[in-house]
Amino acid sequence: MILLTPDSKLQTPNSNSPNAIIVTMNSLVCFSNNTFMPLKDAGFPVTDLGVQRGYGVFDFLRVTDRVPLFQDDHLERFFNSAKEMRLPAGKTREELKEIIAHLIAKNNIPHAGIRLLLSGGTSPDGYEIVQPNLAIVLQPITPPSDQISQQGYKLVTYPHQRQMPHVKTTDYLMAIWINPWVKEKGADDVLYQQNGIISECPRSNFFIVTQSGTIVTSAKNILKGITRKQILLIAAEQGMKLEERDISIEDIRVAKEAFISSSTKRIIPVVKIDDIVLPPFSNNSVTAKLYQYLLQREKDFQINQ
Ligand SMILES: Cc1ncc(COP(=O)(O)O)c(C=O)c1O
């Protein structure tokens with residue numbers, strides 16, 4: 001476990017919590033304002049369009065044993081998000097890779113998340129884009145377990161469609177607003193739907209496995225997750241049946257399995273959605289197999305770096 005504290009003390013594992021590494025805001029180095037600086041000193045001005053109007057894009061990738069997983073996929077999506085939102089990134093892909101490598105080496109935290117944030121930037125009239133602000137932040141994370149969650153997630157559906165769904169914008173307004181309601185319902189996350197058609201969770205993609213063993217994932221009105229992409233590649237390589245299409249609530253009612261995917265969670269089985277109880281998790285499930293293949297894919301990626 002890694003804990004991030006705002007004070008200046010840097011603690012390593014101790015007798016109270018032997019596995020905890022306490023990292024301080026003071027000790028972390030980030031890239032902001034075109035330079036490397038302590039995270040505590042980094043910030044965008046209040047005149048930034050991101051701060052004033054929530055205009056910005058980002059991407060988030062996981063670092064495992066100092067390797068930024070599926071980095072090219074994340075950078076491609078980052079540049080695509082920036083282009084779609086008319087925000088010049090101001091750096092090339094190679095430059096971003098160098099900055100990321102430097103942050104990993106400098107911060108010396110083997111398991112981390114890297115957030116690339118491109119904010120609207122300061123605007124004289126508070127409306128027009130002039131010069132976006134780029135920050136790249138490494139933050140310690142608890143790596144996902146190498147064992148799939150047996151317990152799984154309970155989801156509650158809510159009618160919502162993210163704006164510009166194929167772009168990773170910084171707009172998580174609904175997700176954060178709805179979170180207390182999700183907890184009140186005893187659920188682990190919200191699953192967005194519109195007119196009975198499922199899109200995704202706020203930070204993960206959604207899949208079902210039909211009674212005939214076909215993996216189905218939502219095709220439209222979603223962010224195309226990098227983990228989702230890996231799952232599609234695995235399914236194709238393994239000759240598994242796969243469909244990208246609309247998923248209705250009725251499809252879930254008759255599904256054999258359901259799961260969500262994301263860079264930080266890998267794959268989590270879903271055991272309940274609203275009043276629909278799915279069959280309990282099994283080690284022989286398609287979901288469990290995909291998890292093992294995904295784990296292997298991450299290991300192969302690391303070896304090939
Ligand atoms: C809206 C949305 N959908 C899906 C995902 C999953 O994407 P990835 O697998 O790249 O983490 C995310 C990640 O945060 C997200 O924000």
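# Loops, sheet, cores and ligand shell

Visitor: Where does asparagine 33 lie?

Guide: Asparagine 33 sits in the loop between β3 and β4. Keep in mind that this is a predicted model.

Visitor: What's the phi of asparagine 33?

Guide: Positive, about 60 degrees, although asparagine 33 is not a glycine. Most residues other than glycine have a negative phi.

Visitor: Buried, exposed or partly exposed, that asparagine 33?

Guide: Partly exposed, because 14 other C-beta atoms lie within 10 Å of asparagine 33. The cut-off for buried is 20 or more, and for exposed 12 or fewer.

Visitor: What's the strand order in the open sheet of 6 strands?

Guide: The order is β4-β3-β8-β7-β5-β6, and the pairing is antiparallel.

Visitor: Which are the edge strands?

Guide: β4 (35–38) and β6 (67–68). Each of these pairs on one side only.

Visitor: Which helix lies across β5, β6 and β7?

Guide: Helix α2, residues 71–84. The helix runs at about 175 degrees to β5 (56–64).

Visitor: Why does aspartate 65 count as exposed?

Guide: Because aspartate 65 has 11 C-beta neighbours inside 10 Å, and 12 or fewer makes a residue exposed.

Visitor: New topic. Which residues touch the most other members of the largest nonpolar core?

Guide: Leu191, Ile208, Ala258 and Val270, out of 31 residues in that core.

Visitor: Which elements give two or more residues to this core?

Guide: The strands are β9 (153–159), β10 (189–194), β13 (204–209), β14 (215–217), β17 (257–262) and β18 (266–273). Helices α5 (226–237) and α7 (286–303) are on the list too. The largest share, 5 residues, comes from β18.

Visitor: What does isoleucine 208 touch?

Guide: Leaving out residues up to four places away in sequence, isoleucine 208 touches Val216, Ile247, Asp251, Ile252, Ala255, Glu257 and Ala258.

Visitor: How many residues are in the other core?

Guide: That separate core has 29 residues, including Leu28, Leu96, Ile100 and Leu118. In soluble globular proteins, nonpolar side chains tend to be buried together.

Visitor: Back to β10. Why is β10 largely enclosed by the rest of the structure?

Guide: Because 5 of the 6 residues of β10 are buried. β10 pairs with β9 in the parallel sense, over 5 bridges. Valine 156 stands opposite valine 190 in β10.

Visitor: How many residues of helix α4 are buried?

Guide: The number is 0, out of 12 residues (173–184), so helix α4 lies largely in the open. Just after α4 comes glycine 186, with a positive phi of about 75 degrees.

Visitor: Now the ligand. Which residues come nearest?

Guide: Leu223, Gly225, Ile226, Thr227 and Ser263, from a shell of 14 residues.

Visitor: Which elements supply at least two residues of that shell?

Guide: β13, α5 and β17. α5 gives the most, with 3 residues.

Visitor: What's in the shell by class?

Guide: There are 4 nonpolar, 7 polar and 3 charged residues.

Visitor: What separates the C-alpha atoms of glycine 54 and glycine 120?

Guide: A distance of 8.2 Å, although the two glycines are 66 residues apart along the chain.

Notes: Residues numbered from 1 in each chain as written. Predicted model: local features only at pLDDT ≥ 70, side-chain atom pairs only at ≥ 80, totals over all residues. Core = buried A, V, L, I, M, F, W, Y, C linked by C-beta atoms within 7 Å. Helix = DSSP H or I, 4+ residues; strand = E, 2+ residues; numbered from the N terminus. Contact = placed C-beta atoms within 7 Å. Pairing = 2+ DSSP bridges. Axes fitted to C-alpha atoms, helices over the stretch in contact; angles between N-to-C directions. Near = placed C-beta within 6 Å. Nonpolar A, V, L, I, M, F, W, Y, C, P; charged D, E, K, R; others polar.
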